[in-house]
Amino acid sequence: MIIDSKNLIANKKRLIFGAVFILLIFYFIFSSDEENFKERSQRGGGIVGGSGKSQQRSEWSDSQLVKTIKENMKLNNATIESDLYKVKWLDEIRPDNERVRKFRIKKNSHITSVNLDKLYDHPPIAIVTSNKPKHLDRLLANLINNCNANIDRIKVFNDGKSVQTILSKYNVTKEYRISKKSTQQENSNSNGVPLSNEEKQYYMNSHYKEIFSFMFNNETYDKVIFLEEDLIMSPDSLEYFNHLSKLMNYDPSIFGISAWNDNGFKWNVEQSRSNYENKFSFLRQDHFGGLGFLISREIYKRRIEPNWQIESTTPWDVIVQQSMRSGDSCIFPEIPRSQHAPLLERNYDSIFKDQPEKDGWGNYNFYLPKITTIHIYHMNLSKYLSPEYDLQVKKRIMRATEVDTLNSIPMMYSTSNRFVYYVPSKSNDDPRWDTVINKLQMVGRGNGGAVRGIYKGVIETTFFGKRVYLVGTYSPFYSQQQRNKSSRILFNDFPKEEFDPTITNPLTNTMLFRTDKDLSLDITLAEKGYSCKDFCEKHKVSCLESDMMLLTDSTIVLLQLEQHCNQVNYVPNNNTDTFYPLKDKDGICWTTNQYSKLSCTSKPPKKSEASRICICKDKSF
């Protein structure tokens, strides 16, 4: 057999070139993947998914998030068991006075299990202020004396008159003046013409933009807490930000952490849960939450900054909201860690002493237990990672009892059931959401029309002290198959003889049913000068705003207190007082039909000679 040496050599060359070509293809594929992985990690501060192709998706898939979270935990040498499963949460709650620092020093030797240095371990704080020096003074005192803030981590950004005297009082280094608005332009432009609303919005917007840029571009902080000067912060607020923000190291779907709950009213609490459970209940929402919030440099650089034009008059919070993408969410607490307090009469000390609220803002919940010792709690934060959180939401909805109308809920006071109400809707923009929100008297849309508190088509709330899941039929948590299997209560199934035929309003009928049948409740007239809280506690029972909701109907008040009330009137909706319902000196009873104005702690003015109408609850029933 004759071998053609020339053909043999040619074939060998082709094989070698082919092999080299294949190796080069594999090299470029794997080196490219490795470089992309490194780039995502570096840009994200060690967080996979911080940038790159994965962020071009419209939303995160469950499998993608699970994989990314695992990769991020590996990059950070973290595990769920060691870093998230049993997080130590410290509470040091005290009244606002001069002995705060002395307390920490004197008692240090007796608190061997607590590392007090960790109380100072919190992200930097950027305070935004403009011509509200007394509010700034109040906030600084609150942060330093009640929240154990590290003075060196506080930066104050001012676009009004100088506040250096106030800062010196608290040893805060200096004020930063980076606004485009000069002190001569506080209320008018350079020609002396009053600033228009559009001009005011422009300066406010540019000021926030410059603050964000300074903190994340100049100082390159990883995470920052942003506060406005007219806030009051709860004593564990910095602990809250510190712990919850750790989730952002692993879960790229978390856009930010908010201390505020738009619907954190006093009436909006689940009665069957303990104070501990309510305190450590955190939720996700699809919109940006302000009034005390934390965002990361990564989120600012890759989401907010590219979407923020300095020359814009669009409100800054709307710009931030519009920077969120489908699949992003913010974490917020059921019990707010911040309180908006425009009135200076409202401060930490007045809240601590249950002094009467001066406006509607005081009717929000605010985490502030009346103890003066350090408590150590351990909580599992891993359940707020997106995949686990979604799984728990799905399970809770599956276990809930369906109602075909929210009017049924007052009648089911004796059950521990949670309820689900399905909203026939196509998206968050569907106006049918507004109908339900108005029914529950919740704060509705904000930040460019976003439904407050909604997460993937679900709102978790309460109604008359019962947990309710409002589920849009477009939600990924909605399942017609599962709905067909779940227990259901129909309003028409209730015996008609249980209702008063002369009353046509279904909700009034179910509220009346409860006031007649619920033996744990006592509707009564308090002694003059008493709040409902003080009066009920005097008689070894308690007052809850979620029970007081029953008194927002004038028919209920008249029927239950006919021996005391000559007539029952509603106060005007623009009345901001929070001491209703009450009986005045002329025997006329007044109530409010607004849940947001219910308060157990408010007292009527002494000169009015009025007595509060209360519902006291005996929890032993």
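This is a predicted model: local features need pLDDT of at least 70, side-chain atom pairs count only at pLDDT 80 or more; totals for chains, interfaces and linings use all residues.
The lining of the second largest pocket comprises 14 nonpolar, 13 polar and 10 charged residues. The pocket has a volume of about 740 Å³, and 37 residues line it. A search of the whole structure also finds 5 cavities of 30 Å³ or more, and the largest cavity holds about 200 Å³ of space.

**Second largest pocket**

- Among the lining residues, Asp286, Tyr455, Lys456, Gly457 and Pro476 are the closest to the centre of the second largest pocket.
- Two helices, α13 (386-399) and α15 (480-485), each supply at least two residues of this lining.
- The strands β16 (450-451) and β17 (454-455) likewise each contribute at least two residues to the lining of the second largest pocket.
- With 6 residues, α13 gives the most to the lining of this pocket.

**Largest cavity**

- The largest cavity is lined by 21 residues, of which Leu283, Phe332, Gly453, Ile459 and Glu460 are the closest to its centre.
- At least two lining residues come from each of β8 (282-285), α13 and β18 (458-463).
- The largest share of the lining of the largest cavity, 5 residues, belongs to β18.
- By residue class, the lining of the largest cavity consists of 8 nonpolar, 7 polar and 6 charged residues.

**An element found in both linings**

- Helix α13 supplies at least two residues to the lining of the second largest pocket and at least two residues to the lining of the largest cavity.

Technical notes. Residues are numbered from 1 along each chain as its sequence is written. Side-chain values use heavy atoms; hydrogens and water are left out. On a 1 Å grid over the protein atoms alone, a cavity is a set of points where a 1.4 Å probe fits but cannot get out, and a pocket is an open set with protein on both sides within 12 Å along at least five of seven lines; lining residues have an atom within 4 Å of a point. Grid points are joined across faces, edges and corners, and a volume is the space filled by probe spheres set on the points. Helices (H or I, at least four residues) and strands (E, at least two) are DSSP runs, numbered from the N terminus. Ala, Val, Leu, Ile, Met, Phe, Trp, Tyr, Cys and Pro count as nonpolar, Asp, Glu, Lys and Arg as charged, and the others, Gly among them, as polar.
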